[in-house]
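Begin with the core, then turn to the helix packing, the cavity and the pockets.

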Amino acid sequence: MLNIISWNVLYRMYEVKYNPESSILKKYPDETKRINDIINIITSMIDNNTIISLQECSASIIDVLKVKLHNTHDIFTMHVRDDEYLLTAIPCGYNFKDDAINQDFDCSNGIICLSNEFIRIVNCHMIPQTYAKSDVTQKIISLKHPTKLTFVMGDFNECYSKLSLRINEYYHVPYFSRTFRNRCIDHVIFNKEFASHIKYKTYTIKTSNISDHNLIR
């Protein structure tokens, strides 16, 4: 059984800049303590079949996870800007490699695309369509591999109802309940043609006291 964790863990400088009175900053005046709590949550729910997908990840989080997971997971990162990264951790032995795609930063903050012989794993942080210069939906559609089981996960910045309406010809879109400010904008989706063959359960883990997003799995 494959387990998938996706979480926008909140790049602290965005909270400082855009929401300086937030309860998260008040609870965690020391970022080291927040990072430790993030790591503890992640490591408490992983095993050798768990894929981890993080958005708005700092270099400090990456450094700790590389130590914690060095025996169990291969870690792939993408630099977004400043100290902000995307991170995907894949269990060792799955033999995933970078699957080069055309990066379009007009509609995303970053995308990590990985594949093995049978599966493609995509971790993405999309720009809200209001601010994007190109079509976000079309970019998501283009990430689907024509023959491999494709999981696209991350912060889509698009609510469930609009997303499922726009891509339901291509992807199955499970519902994860509210993940950000009473909206479901974090997703794990997969090819529509595989939907009848996959059994799954979705969970939302309340983590809004640590990040402005809840964790999904």
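Isoleucine 42 is in contact (heavy atoms within 4.5 Å) with Trp7, Ile52, Leu54 and Leu65, leaving aside its neighbours within four places in sequence. The model is predicted: local features need pLDDT of at least 70, side-chain atom pairs count only at pLDDT 80 or more, and totals for chains, interfaces and linings use all residues. Residues are numbered from 1 along each chain as its sequence is written, and side-chain values use heavy atoms, with hydrogens and water left out.

**Core**

The largest nonpolar core has 25 residues. Such a core is a set of buried Ala, Val, Leu, Ile, Met, Phe, Trp, Tyr and Cys residues joined through side-chain atoms within 4.5 Å. Trp7, Ile42, Leu54, Ile61 and Leu65 touch the most other members. Strand E1 (3-8), helix H3 (31-44), strand E2 (50-58), helix H4 (59-68) and strand E4 (84-91) are the elements that give two or more residues to this core. H3 gives the most, with 5 residues. Helices (H or I, at least four residues) and strands (E, at least two) are DSSP runs, numbered from the N terminus. In soluble globular proteins, nonpolar side chains tend to be buried together.

**Helix H6**

Which residues of helix H6 (residues 160-167) are buried? They are Leu163, Ser164 and Ile167. They cover an arc of only 95° around the axis, which puts them on the same side of H6. The arc is that of the directions from the helix axis to the C-beta atoms. The buried residues of H6 pack against helix H5 (136-142), strand E9 (171-172) and strand E10 (186-191).

Lysine 162 also lies in helix H6. Lysine 162 counts as partly exposed because its relative accessibility is 45%. Buried means under 20% relative accessible area, exposed over 50%, partly exposed in between (1.4 Å probe, protein chains only). The C-alpha atoms of lysine 162 and isoleucine 185 are separated by 9.9 Å, with the two residues 23 apart along the chain.

**Cavity and pockets**

Both terms rest on a 1 Å grid over the protein atoms alone. A cavity is a set of points where a 1.4 Å probe fits but cannot get out. A pocket is an open set with protein on both sides within 12 Å along at least five of seven lines. Lining residues have an atom within 4 Å of a point. Grid points are joined across faces, edges and corners, and a volume is the space filled by probe spheres set on the points.

The structure holds 1 cavity of 30 Å³ or more. Among the residues lining the largest cavity are Ile127, Phe156, Leu163 and Arg166. H5 and H6 are the elements that give two or more residues to this lining. H5 supplies the largest share, 3 residues.

| Space | Volume | Lining by class |
|---|---|---|
| Largest cavity | about 70 Å³ | 5 nonpolar, 3 polar, 2 charged residues |
| Largest pocket | about 720 Å³ | 8 nonpolar, 7 polar, 12 charged residues |
| Second largest pocket | about 470 Å³ | 12 nonpolar, 2 polar, 3 charged residues |

Ala, Val, Leu, Ile, Met, Phe, Trp, Tyr, Cys and Pro count as nonpolar, Asp, Glu, Lys and Arg as charged, and the others, Gly among them, as polar.

The largest pocket is lined by 27 residues. Glu56, His125, Pro128, Asn157 and Phe180 lie nearest its centre. Helix H1 (12-18) supplies the largest share of this lining, 4 residues.
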